[in-house]
Amino acid sequence: MSKRLTREAWISHGFDVLRSTGHEALKADTLCKALGVSRGSFYWHFPSLGEFHDALLVAWRQRNTEAVIAELQEHPDAETQLATLIQKAIETPQPLENAMRRWGGANPDVAAALAQVDLLRRTYLVELLMGAGVSAAVARDRATLLTWSFVGRSFAPIFVADTSPKVAAETSALFLSKPAGETP
């Protein structure tokens, strides 16, 4: 009798494959062979490969965006939330983010899911900045820059080693400041 894998185990394995091999290896046969299980084990949890891909996207969104936002919102103020987010982005390797972006470049459905996540992330940042008194237009621009920075960080991890330990607090203060001449 072959081992039984949970739906969560399949999703975790899918993330491992994305990080190590890439989206090209997200095929039922390849996944099953790597785990030493039959295709029936895969299809028990996912009626189709497309549904497995959808489950990966949903799990990624929940873990890497929704849960992060919920955790940040436990902090008392915008400056702490933003500094914590920036520090987390600097310290946490992003191979899965990188893999998801590469997959999105090859698959329009994944690209659409990434766009939704980017919008969710940016919306959170805009609301955070506006809640701290930054005007809507400036908050949108700054949220866009922060989002781009995070995506870029996933493709250029080499620069993390050169990052000052104070960068999170300093960047947070900079992004929360009001531009010269702007009134609240």
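In the protein chain, 69% of the contacts with a separation of 6 or more join residues 24 or more positions apart, where contact means heavy atoms within 4.5 Å. The model is predicted, so to speak of local features takes a pLDDT of at least 70 and to count side-chain atom pairs takes 80 or more, while totals for chains, interfaces and linings use all residues. Numbering starts from 1 along each chain as its sequence is written, and side-chain values rest on heavy atoms, with hydrogens and water left out.

The protein chain has nine helices and zero strands, giving the pattern α-α-α-α-α-α-α-α-α along the sequence. Helices here are DSSP runs (H or I, at least four residues; strands are E, at least two), numbered from the N terminus. The C-alpha atoms fill a box of roughly 70 × 30 × 30 Å along the principal axes. Of the 184 residues, 40% are buried; buried stands for under 20% relative accessible area, exposed for over 50%, and partly exposed for anything in between (1.4 Å probe, protein chains only).

Now for the inside. A nonpolar core is a set of buried Ala, Val, Leu, Ile, Met, Phe, Trp, Tyr and Cys residues joined through side-chain atoms within 4.5 Å. The largest one holds 29 residues, and Trp10 and Leu18 touch the most other members. At least two residues of this core come from each of helix H1 (7-20), helix H2 (28-35), helix H4 (49-72), helix H6 (95-106) and helix H7 (108-131), with H4 giving the most, six residues. Leaving out residues up to four places away in sequence, Leu18 touches His23, Leu26, Leu56, Leu96, Ala99, Met100 and Trp103. Another core, of 20 residues, lies apart from it and includes Leu72, Leu125, Val138 and Phe175.

Leu96, Glu97, Asn98, Ala99, Met100, Arg101, Trp103 and Gly104 are the buried residues of H6, and their cover includes H1, H4, H7 and helix H8 (136-155).

How do H6 and H7 pack? Their axes lie 6 Å apart, at an angle of about 130°, which makes H6 oblique to H7. Axes are lines fitted to C-alpha atoms, for helices over the stretch in contact, with angles running from 0 to 180 degrees between N-to-C directions. Under 35 degrees counts as roughly parallel, over 145 as roughly antiparallel, 65 to 115 as roughly perpendicular and the rest as oblique. On the H6 side the contact is made by Glu97, Met100, Arg101, Trp103, Gly104 and Ala106, and on the H7 side by Pro108, Val110, Ala111, Leu114, Asp118 and Arg121.

Ala115 is found in H7 and is partly exposed, at a relative accessible area of 46%. Its C-alpha atom is separated by 9.3 Å from that of Gly104, eleven residues away along the chain. Thr30, in helix H2, counts as partly exposed at 38% relative accessibility. Thr30 and Ala115 are 85 residues apart in sequence and 28 Å apart in space, C-alpha to C-alpha. Arg142 has its place in helix H8 and, at 14% relative accessibility, counts as buried. Neighbours within four places aside, Arg142 is in contact with Leu129, Val134, Leu174, Phe175, Leu176, Ser177, Lys178 and Pro179.
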